Amino acid sequence: MSRAEPRQRGADLTAGSVRARGIAAGLSAVKVARYEARWHFADAEEDAVGDRIIVAAVEQDYERMQRAPDEQYQLTVRRTLTRLLEGAIEVAGALHAAGYRAKIYASEGGAMTIPYAVSAGLGQLGMNGQLLTPQAGSRARMLLISTDAPLSFDQPVDFGIPGVCDRCRICAQRCPAGAIAVRPREHRGVEKWKIKTERCLPMVAQANGCSVCIKTCPIQRYGLERVLATYRQSGQILPQHATDVGDLETYEWPLDGRTYAAGSRPKLDAEVREPAGLLAARRAEGR
Ligand code: SF4
Ligand code: SF4
């Protein structure tokens, strides 16, 4: 059977059945968005095989996330990405079996994941520059699958996350590198929260993947519903009655082995903020 002329174009293949296959294979969510050329990198535009993009997501382990950025954290990330890829392969296999085309994008290549996830109603952009889902904050890891299967589209949802971020700002206060701006800035003609990658990437590279901005986010720990309920009752973002609020903002910094609670952050020397290799690369690029 050729993929160009499939033997059977699965009449009973629905977004619901594809989602069920993905969930059974270990995914946390499977959503469908409309293909948008502007969200694809120029050298990968041809990779799209249809007018639908499936967003597959897996929630990273809750318990492990609360201890980031410890030594085990990157192992957790790798396990999550493996589970994500296995689930995406299952979804793509179901589409192929029904006679449709499907292509999984590499995790860091091809297309912008967050706009698709927002478009498909999986979550909204948070101040930490990542997608926040109502259940898991930015603990969700995602992969995109391009397909020509005529699956029904999911719709964007206003969960109220930008309003929470405006009042919260914990990630910006806790980020060791000062990489998170509290005000949105223009990027490719759109006003949005965008982290300063030149400050962030050295931390990710040297501090077990960092991710302090994920670990300290109240939505990833308590869920959006509880955060909003707390705000409606008390005008506070954090559930003050909880016993682990102090722990939420506290993290151990792997580069000096010290623990930093709310109001304190690691002191980063120049070599940590800008490692020699990175500095040389920036000089070579004339920046
Ligand atoms: S820590 Fe607060 S400001 Fe940052 S992403 Fe989470 S909810 Fe938004
Ligand atoms: S990963 Fe670390 S350095 Fe980067 S934005 Fe998040 S907290 Fe800041």
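Helices (H or I, at least four residues) and strands (E, at least two) are DSSP runs, numbered from the N terminus. The model is predicted: local features need pLDDT of at least 70, side-chain atom pairs count only at pLDDT 80 or more, and totals for chains, interfaces and linings use all residues. Residues are numbered from 1 along each chain as its sequence is written, chains are lettered from A and ligands numbered from 1 in the order in which they are written, and side-chain values use heavy atoms, with hydrogens and water left out.

**Exercise 1.** Describe the shell around ligand 2.

Solution.
1. List the residues with a heavy atom within 4 Å of the ligand: C175, P176, I180, C200, M203, V204, C210, S211, V212 and C213.
2. Assign them to elements: α7 and α8 each give two or more residues, and α7 has the largest share, 3 residues.
3. Sort by class, where Ala, Val, Leu, Ile, Met, Phe, Trp, Tyr, Cys and Pro count as nonpolar, Asp, Glu, Lys and Arg as charged, and the others, Gly among them, as polar. The shell has 9 nonpolar, 1 polar and no charged residues.

**Exercise 2.** Which of buried, partly exposed or exposed applies to R169, and which to N208?

Solution.
1. Take the cut-offs: buried is under 20% relative accessible area, exposed over 50%, partly exposed in between (1.4 Å probe, protein chains only).
2. R169, in the loop between α5 (161-168) and α6 (170-174), has a positive phi near 65°. Its relative accessibility is 28%, so R169 counts as partly exposed.
3. N208 lies in the loop between α7 (197-206) and α8 (212-215), with a positive phi near 55°. At 17%, N208 counts as buried.
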